[in-house]
Amino acid sequence: MNQNFRMISLLTYTLKNLPNTSKWALRFCMRPLSSSSQLQAAAASQTKSKKTLAKPNIRNIVVVDGVRTPFLLSGTSYKDLMPHDLARAALSGLLHRTSVPKDVVDYIIFGTVIQEVKTSNVAREAALGAGFSDKTPAHTVTMACISSNQAMTTAVGLIASGQCDVVVAGGVELMSDIPIRHSRKMRKMMLDLNKAKTLAQRLSIISKFRLNFLSPELPAVSEFSTSETMGHSADRLAAAFAISREEQDEYALRSHSLAKKAQDEGLLSDVVPFKVPGRDTVTQDNGIRPSSLDQMAKLKPAFIKPYGTVTAANSSFLTDGASAVLIMAEEKALAMGYKPKAYLRDFMYVSQDPKDQLLLGPTYATPKVLEKAGLTMNDIDVFEFHEAFSGQILANLKAMDSDWFAQNYMGRKAKVGLPPLEKFNNWGGSLSLGHPFGATGCRLVMAAANRLRKEGGQYGLVAACAAGGQGHAMIVEAYPK
């Protein structure tokens, strides 16, 4: 995995300055894949499957509807709030959208990544704030960027096992106010002072104080196991798969352009207005900013300098936001008079090497979930993949389209297959809409469900990578009209 080598091409100078370049780089360096040309030409003929994925003796589980607050750049209109404020807004929006009686909800689950210590179980605090009964249990999960995916699949498990009929799942992240701690030495001294019983003991402890004790500890932005930031890993991954800066910028521009089009056409129907206390009502995402390739090309590398290709323009940005979905057993939903949006079908979690395959979760999860569901890539009408970085998306597409990668790294005889770009993230993605770490999974599922209904498709595939080298994929099936 960590063989170093020099490559005879324009990548030579770049790659030999990137640490731990993976051995698959040589395989891909001569196979460029442009997001503006080859990808568009790669559309396969689609074989429409009309079978349903219902399984005998297993409850059908549906998503009735879902909402999210507008996703905002951190440091903007949500900057004075706490995470539970956003989560409460999402829950309130869901209650308003669906009119579900609060006492019908059996359980509430939220995902989050960077926890506010005052509300460590943010699901519970948000539920109480939104007016749910104090008799309704709620818990919080964390699994990096697939935290709300985990919240949803936990809900699926509770309903499938018969423990619950109605579960609300969601996620929240507030990057505008992250917990910053005192240094460990300062924390230890403060705890020791609190335990000291005499003045002499206190003076003895204080005498050990040094100015460097005041240095704060920021939340880690790097992988604990590898000490590498995700952006640095994305840069190495892009280089390993020979993805150019131009290709990454082209893909980012596509994401922003499609998001702007969807926003202008009113397709982002999951967004609910939020009256920010002391501020105006927020009605739409504010990170959608179509630019030009010339403007994007002016930006300097953000992580590996000066030769990296990952920049602020082709990376997802720090985002504040929350999402929530109403998940039910089908028979319960129908008994209550609901017309669900979609079935939640098979799902799969994967994990792999967090050093060189940190962001390749979709590549590994996709074939497994398709095989579990008895589907092929040609059966999928809608693809919704999380966009952490342009380079991450394009690297996954290259890996999925490679027999060599499948055989040497995945233990498969043939490649996964390339998703047709005309079916891929057609209403924008995390690069443009934003990526509140704990809330993105619900956005992906609702985008898939709403696109299936709008476009008349039957199956959607949701996939995402996550810190720690993990990933998730799920099949969403349109509910019959």
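Visitor: Leaving aside its neighbours within four places in sequence, which residues is K341 in contact with?

Guide: K341 touches V63, V64, D65, M446, A449, N450, R453, A478 and Y479, where contact means heavy atoms within 4.5 Å. Before we go on: this is a predicted model, so local features need pLDDT of at least 70 and side-chain atom pairs count only at pLDDT 80 or more, while totals for chains, interfaces and linings use all residues. Residues are numbered from 1 along each chain as its sequence is written, and side-chain values use heavy atoms, with hydrogens and water left out.

Visitor: Where is K341, and why is it called buried?

Guide: K341 is in the loop between helix 12 (330–335) and strand 9 (342–351); helices (H or I, at least four residues) and strands (E, at least two) are DSSP runs, numbered from the N terminus. Buried means under 20% relative accessible area, exposed over 50%, partly exposed in between (1.4 Å probe, protein chains only). K341 has 11% relative accessibility, so it counts as buried.

Visitor: What makes the K341 and D65 side chains a polar contact?

Guide: The term needs a pair of N or O atoms within 3.5 Å; within protein, one must be able to donate a hydrogen and the other to accept it, and residues adjacent in sequence count only if both atoms are side-chain atoms. The side chains of K341 and D65 make such a contact at 3.1 Å.

Visitor: On to R68. How do you know that D270 forms a salt bridge with R68?

Guide: A salt bridge is a side-chain nitrogen of Lys or Arg within 4 Å of a carboxyl oxygen of Asp or Glu. For D270 and R68, the closest N and O atoms are 3.0 Å apart, so the pair meets that cut-off. D270 is in the loop between helix 10 and strand 6 (274–275), and R68 is in strand 1 (residues 61–68), 202 residues apart.

Visitor: What makes D401 and K415 partly exposed?

Guide: D401 has 21% relative accessibility and K415 has 37%, so each falls in the partly exposed range. Their side chains meet in a salt bridge too (3.2 Å, N to O).

Visitor: Why are helix 10 and helix 14 called roughly perpendicular?

Guide: Axes are lines fitted to C-alpha atoms, for helices over the stretch in contact, and angles run from 0 to 180 degrees between N-to-C directions. Under 35 degrees is roughly parallel, over 145 roughly antiparallel, 65 to 115 roughly perpendicular and the rest oblique. Helix 10 (residues 245–264) and helix 14 (residues 390–400) cross at roughly 105°, their axes coming within 8 Å, so they are roughly perpendicular. The contact is made by E247, Q248, Y251 and A252 of helix 10 and S390, G391, I393 and L394 of helix 14.

Visitor: Why does R254 count as buried?

Guide: R254, found in helix 10, has 16% relative accessibility, so it counts as buried. The R254 side chain reaches the backbone oxygen of L421 at 2.8 Å.
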